[in-house]
Amino acid sequence: LLDTRNFYETRIGRFEAPSAKTVVPTIRQFTQFPRWVDENIESLKGKTVLMYCTGGVRCERASAYLESKLAQQGASHQEAPGE
């Protein structure tokens, strides 16, 4: 479970799932997300990665970037119910 929000947003609250590890990159701005992915891509390979954010363009950009990095793993973007 990958939280793609910035540091301020993650301090407000986050999702926890008993059967999944929640990964919270401590990024100050979303522009730091691609670098975080590049630095941590090995820990994500071969795993099912569920992502969440506050919605909008950042979600689309985050999922597209991660999907491009994990394309060989069969990653895909799925909308949350109600989107």
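This is a predicted model: local features need pLDDT of at least 70, side-chain atom pairs count only at pLDDT 80 or more; totals for chains, interfaces and linings use all residues.
Contact here means heavy atoms within 4.5 Å.

Start with Arg58. Leaving out residues up to four places away in sequence, Arg58 touches Asn6, Glu9 and Phe30. Arg58 sits in helix H3. Is Arg58 buried, partly exposed or exposed? Its relative accessibility is 24%, so Arg58 counts as partly exposed. Arg5 is 53 residues away along the sequence, yet the two C-alpha atoms are separated by 8.5 Å.

Now take Glu9, one of the contacts of Arg58. Glu9 belongs to helix H1, residues 7–12. Glu9 is a charged residue, but it counts as buried because its relative accessibility is 14%, and the cut-off for buried is under 20%. What does Glu9 touch, again not counting residues up to four places away in sequence? Thr54 and Arg58. Glu9 and Cys53 are 44 residues apart in sequence, and 9.0 Å apart in space, C-alpha to C-alpha.

Step back to the whole chain. The protein chain has 83 residues, and 27% of them count as buried. Its secondary structure comes to 3 helices and 2 strands. Along the sequence, the order is β-α-α-β-α. Consider the contacts with a separation of 6 or more: 48% of them join residues 24 or more positions apart.

Next, the core. The largest nonpolar core has 11 residues in all: Leu2, Ile27, Phe30, Phe33, Trp36, Val37, Ile41, Leu44, Ala62, Leu66 and Leu70. Which element gives the largest share? That is H2, with 5 residues.

Within that core, look at the aromatics. A search of the whole structure finds 3 aromatic pairs. One of them is Phe30 with Phe33. This pair is stacked, 5.6 Å centre to centre, with 10° between the planes. Both residues are buried. Phe33 pairs again, with Trp36. That pair is stacked as well, at 6.4 Å centre to centre and 20° between the planes. Phe33 and Trp36 both lie in helix H2, 3 residues apart, about one turn of the helix. How accessible are they? Phe33 has a relative accessible area of 1%, so Phe33 is buried. Trp36 is at 14%, and therefore also counts as buried. Taken together, Phe30, Phe33 and Trp36 form one aromatic cluster. Recall that Phe30 is also a contact of Arg58.

Last, a pocket. The second largest pocket holds about 270 Å³ of space. Its lining is Leu1, Leu2, Ala20, Lys21, Val23, Trp36, Ser43, Leu44, Lys47, Thr48, Val49 and Leu50. By class, that is 8 nonpolar, 2 polar and 2 charged residues. Helix H2, residues 33–44, gives the most to this lining, with 3 residues.

To close, follow H2 through the model. H2 gives the largest share of the core. It holds Phe33 and Trp36 of the aromatic cluster. And H2 gives the most to the lining of the second largest pocket.

Technical notes
Residues are numbered from 1 along each chain as its sequence is written. Side-chain values use heavy atoms; hydrogens and water are left out. On a 1 Å grid over the protein atoms alone, a cavity is a set of points where a 1.4 Å probe fits but cannot get out, and a pocket is an open set with protein on both sides within 12 Å along at least five of seven lines; lining residues have an atom within 4 Å of a point. Grid points are joined across faces, edges and corners, and a volume is the space filled by probe spheres set on the points. Helices (H or I, at least four residues) and strands (E, at least two) are DSSP runs, numbered from the N terminus. A nonpolar core is a set of buried Ala, Val, Leu, Ile, Met, Phe, Trp, Tyr and Cys residues joined through side-chain atoms within 4.5 Å. Buried means under 20% relative accessible area, exposed over 50%, partly exposed in between (1.4 Å probe, protein chains only). Rings of Phe, Tyr and Trp (its six-membered ring) pair if their centres lie within 6.5 Å; planes under 30 degrees apart count as stacked, over 60 as edge-to-face and the rest as tilted.
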